[in-house]
Amino acid sequence: MIHTRFPITARLVMASLFACILALPARAIDIQQVTSPGGIKAWLVENHDIPFTALDIAFRGGASLDATGKRGAINLMTATLEEGAGEKNSQQFAEAEEALAAQFGFDVGDDSLDISARMLTENRDKSVELLREALVNPRFDQSAIERVRQQVLAVIASDKQNPNDIAAEKFREITYGDHPYGSSLNGTVESVKGLTREDLFEAKDRVMSRDHLVVSAVGDITPEELGPMLDKLLGDLPAKGADMPPPADPSFKGGVTTVDFDSPQSVVMFGQKGIGLKDPDFFAAYVLNQIVGAGGFSSRLMDEVREKRGLTYGIASYIVDKDLAKTWQGSFASANEKVAEAISVVKEQWKKAATGQVTDKELEDAKTYLTGAYPLRFDGNGTIAGILTGMQLNDMAPSYIDTRNDKVNAVTKADVQRVAKRILNPDNLTFVVVGRPQGLN
């Protein structure tokens with residue numbers, strides 16, 4: 001659970017501004033690499049069409065950097081960052097953000113803590129000053145902590161009644177064990193109740209440090225303006241944060257794990273070890289996954305499980321490239337009396353996919369979709385800033401935007417067959433079922 005606030009006035013001003021932002025064709029994006037006087041590196045795409053700048057900041061490690069016994073501290077800290085900073089309490093901070101027509105967003109995941117900022121050029125200096133207070137000098141007032149803590153506890157309680165969240169939790173547990181990936185970043189009721197104000201300050205310093213920092217900016221700002229702004233905004237953060245956790249070793253032993261849940265249908269998650277973006281075979285795997293399960297109604301899993309047999313409303317597979325583990329997963333829901341058959345069909349299709357045999361039409365349709373959809377992602381300054389930050393987190397070169405579709409188009413049937421035989425392992429495909437399925441051994 002992450003608490004973010006977007007004031008009504010700011011939303012109206014920014015919404016009208018967003019409506020004026022035109023998508024930039026991927027190949028028209030000119031990425032400049034900027035280094036501030038203080039040594040902070042950032043990527044910049046200038047766009048002076050409108051007086052608006054989007055800033056995207058990420059800190060590597062995210063919730064995985066929780067201290068031992070303090071699970072949920074980084075999540076609670078992130079959700080409390082803008083609940084007052086410097087001399088401003090929670091209400092005063094919100095009022096200042098609204099008055100500037102600025103938008104700040106705070107979010108955290110397993111691998112990064114992400115901060116987005118949207119600001120008008122005329123208010124940029126004051127917006128940066130306000131955001132700096134939240135990043136460098138948060139108050140963490142006890143009243144704010146207790147309010148946000150109750151929100152987190154409500155989410156934890158809700159998750160225990162949601163079959164999708166129960167499935168995700170069990171899947172994490174059996175896949176990653178004691179690794180940080182093996183538990184929810186929200187923490188447990190016990191761990192969250194035990195967190196103190198001092199724990200939040202410690203959690204902040206563990207993750208929000210300059211050695212973990214990645215920054216992107218898109219909009220009405222020059223390199224000469226961006227550098228000093230970065231030093232002012234981020235220069236007072238700690239130089240070094242906590243060490244990154246060790247790599248995870250996902251465990252997939254095959255079989256089905258069932259969690260009892262009173263519902264007429266069951267939720268199913270399945271997976272095996274996967275492949276990462278830095279692997280030379282990644283794009284072949286990416287195309288194969290499009291064919292197998294990511295292609296909507298044109299995918300094999302959707303065709304076989306839904307269209308031909310009516311066993312589910314929807315099913316999908318996806319490659320999950322975490323910083324510390326690579327998996328190939330999928331999910332669907334099915335009536336309790338149909339789950340066993342649906343799982344059997346998924347296994348059959350996974351076994352077929354492992355041969356790597358694809359038709360010319362499947363290959364071309366997958367590549368056409370993946371290359372055609374890519375430019376549509378670049379649909380505004382904020383979105384582009386987020387993409388640039390993601391590229392940096394994945395250690396990509398700026399040229400990736402220009403070469404990505406070429407890598408997809410270069411995939412051959414032989415490439416698909418090689419990666420399928422190398423990566424896909426039907427015997428280790430592991431299922432988690434939450435519900436009351438019938439006919440499962």
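A: Helix 10 (residues 282–294) packs against helix 13 (residues 360–373) at an angle of about 105 degrees, and their axes are 9 Å apart. The two helices are therefore roughly perpendicular to each other; that label covers 65 to 115 degrees, while under 35 counts as roughly parallel, over 145 as roughly antiparallel and the rest as oblique. Axes here are lines fitted to C-alpha atoms, for helices over the stretch in contact, with angles from 0 to 180 degrees between N-to-C directions. Helices (H or I, at least four residues) and strands (E, at least two) are DSSP runs, numbered from the N terminus.

Before going further: this is a predicted model, so local features need pLDDT of at least 70 and side-chain atom pairs count only at pLDDT 80 or more, whereas totals for chains, interfaces and linings use all residues. Residues are numbered from 1 along each chain as its sequence is written, and side-chain values use heavy atoms, with hydrogens and water left out.

Back to the helix pair. On the helix 10 side, Tyr-286, Val-287, Gln-290 and Ile-291 make the contact, meaning heavy atoms within 4.5 Å. Facing them from helix 13 are Glu-362, Leu-363, Ala-366, Lys-367, Tyr-369 and Leu-370. By class, that contact has 7 nonpolar, 1 polar and 2 charged residues. For this tally, Ala, Val, Leu, Ile, Met, Phe, Trp, Tyr, Cys and Pro are nonpolar, Asp, Glu, Lys and Arg are charged, and the others, Gly among them, are polar.

Strands pair if DSSP finds at least two bridges between them.

Strand 10 (residues 265–273) runs antiparallel to strand 12 (residues 326–335), and 9 bridges join them. Strand 10 is mostly covered, with 7 of its 9 residues buried; buried means under 20% relative accessible area, exposed over 50%, and partly exposed in between (1.4 Å probe, protein chains only).

As for records, UniProt lists "domain: Peptidase M16 C-terminal" at residues 195–369, in an unreviewed entry. UniProt positions are in the numbering used here, feature names are shortened, and annotations may be inferred rather than shown by experiment. In the model, the end C-alpha atoms of residues 195–369 lie 47 Å apart, and the span is 39% helix and 22% strand.

Two loop residues elsewhere also deserve a glance. Ala-101, in the loop between helix 3 (90–99) and strand 6 (103–108), has a phi near 55 degrees, a positive value in a residue other than glycine. Phe-140, in the loop between helix 4 (124–136) and helix 5 (142–159), has a positive phi too, near 50 degrees. Ala-101 is buried at 7% relative accessible area, and Phe-140 is buried at 0%.
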